[in-house]
Amino acid sequence: MKVLITGANRLIGQYIGKLILKSKDFLLLPIGLGNPRIKDFENFYQKLDISNSSEVKNFLITEKPDIVINCAAISHVDICEEFPDKCFKVNVLGVKNLIDNLNPQSKFIHLSSEFVFDGTSLNYKENDQPNPLSIYGKSKLQAEEYIQQNFKNHQIIRTILVFGFGENLSRNNILTWAYSFLSQNKKIKVVNDQIRKPTYVKDLAKAIFDLMVSNQNSTFHISGEEEISIFQLAKKVADVYGFDKNLISSISSKSLNELDKRPTITGFNLDKISSIINYKPQSITNALIDSKNGLIHI
Ligand SMILES: NC(=O)c1ccc[n+]([C@@H]2O[C@H](COP(=O)([O-])OP(=O)(O)OC[C@H]3O[C@@H](n4cnc5c(N)ncnc54)[C@H](OP(=O)(O)O)[C@@H]3O)[C@@H](O)[C@H]2O)c1
């Protein structure tokens with residue numbers, strides 16, 4: 001089985017790709033927009049712009065993947081607000097290009113986001129009413145709807161604030177960001193009024209792999225179990241890594257002009273995913289300790 005992963009250079013794509021490489025049942029085809037940045041992928045990596053319809057068509061006709069895991073996106077919320085056309089071109093047209101040219105017998109696994117909701121619950125279920133506040137959230141919802149209406153054999157995976165160290169990451173997540181400042185004794189200001197159930201990338205990648213080998217076509221929520229403010233999460237990073245907690249001060253989203261575009265509180269109900277693949281995420285503290293052990297391998 002040939003598994004194509006888009007966005008393979010980044011955090012989620014590289015973790016799933018590495019799991020697939022370890023399994024003897026699958027051939028990995030990692031794809032990105034830029035140059036290859038993951039050492040293990042170098043021999044198989046190809047460049048593809050998913051927003052280019054003819055390029056995607058030719059590519060899929062040649063490669064004929066059995067499974068596509070779509071981790072490519074413009075996921076920077078502020079960039080999506082500033083350049084909505086660019087955002088929809090990748091997040092929606094890109095998905096359409098992949099689906100429209102994919103053999104209907106193949107499986108399409110798509111990464112979506114908590115940003116499809118309006119940030120008023122810590123227990124969103126898969127069939128709760130979406131209500132995106134931002135351009136990014138709207139684009140992710142539109143892509144979900146296109147997939148649901150046009151490609152039967154799909155798994156849509158919504159996740160929340162994914163963290164972890166990775167290889168050659170060109171973009172920070174909350175862990176790498178806090179770590180890079182605190183480890184140099186630099187002060188950080190962190191929002192105290194955005195609450196999430198953050199997701200450890202290793203738990204997410206394993207869950208996506210387990211779902212991939214299951215035959216369930218549906219939408220799934222995958223996140224951690226613990227709710228925490230971004231401020232408290234940064235404090236946990238300081239705790240686990242032995243940094244000075246006094247370097248961290250709390251601020252409100254309003255002072256960053258962020259509140260209206262980012263959901264305030266968002267968590268997922270995990271009953272569905274737990275019942276299907278026996279999903280058991282680690283506690284945040286254990287995930288941070290596990291990341292610390294992983295640091296030496298990066
Ligand atoms: N990280 C999170 O906290 C989080 C939370 C919820 C949902 N998600 C979703 O999970 C997915 C993966 O997130 P991530 O954080 O691992 O990655 P990311 O930082 O959002 O990076 C996305 C990737 O998309 C690729 N890309 C952008 N435009 C492209 C194009 N036109 N054609 C082909 N590839 C293109 C980039 O490739 P290059 O690196 O080669 O430039 C990049 O690797 C996204 O769909 C995101 O919306 C993420």
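Predicted model: local features only at pLDDT ≥ 70, side-chain atom pairs only at ≥ 80, totals over all residues.
View 1. Leu-60 sits in helix α2, residues 53-63 (helices are DSSP runs of H or I, at least four residues, and strands are runs of E, at least two, numbered from the N terminus). Contact here means that the C-beta atoms, placed from the backbone, lie within 7 Å. Between Leu-60 and Leu-102 the C-alpha separation is 6.7 Å, though they are 42 residues apart along the chain. Leu-60 counts as buried because it has 21 C-beta neighbours inside 10 Å (buried takes 20 or more other C-beta atoms within 10 Å, exposed 12 or fewer, partly exposed in between, again with C-beta atoms placed from the backbone).

**View 2. Helix α4 alongside helix α5.** The axes of α4 and α5 (residues 135-150) come within 9 Å and cross at roughly 15 degrees; axes are lines fitted to C-alpha atoms, for helices over the stretch in contact, with angles from 0 to 180 degrees between N-to-C directions. So α4 is roughly parallel to α5 (angles under 35 degrees). Residues from α4, including Phe-88, Val-92 and Val-95, meet a set from α5 that includes Tyr-136, Ala-143 and Ile-147. The residues of this contact split into 11 nonpolar, four polar and two charged (Ala, Val, Leu, Ile, Met, Phe, Trp, Tyr, Cys and Pro are nonpolar, Asp, Glu, Lys and Arg charged, and the others, Gly among them, polar).

**View 3. Zooming in on Ala-143 of helix α5.** Ala-143 is buried, since 26 other C-beta atoms lie within 10 Å. Not counting residues up to four places away in sequence, Ala-143 touches Asn-91, Val-92, Val-95 and His-110.

**View 4. The shell around the ligand.** Of the 27 residues around the ligand, Gly-7, Ile-12, Gly-32, Ala-73 and Ser-75 come nearest (a residue is near if its C-beta atom, placed from the backbone, lies within 6 Å). At least two shell residues come from each of α1 (11-22), α4 (84-100) and β5 (107-113), and α1 gives the most, with three. By class, the shell has 13 nonpolar, 11 polar and three charged residues.

Conventions:
Residues numbered from 1 in each chain as written. Parallel < 35°, antiparallel > 145°, perpendicular 65-115°, else oblique. Contact = placed C-beta atoms within 7 Å.
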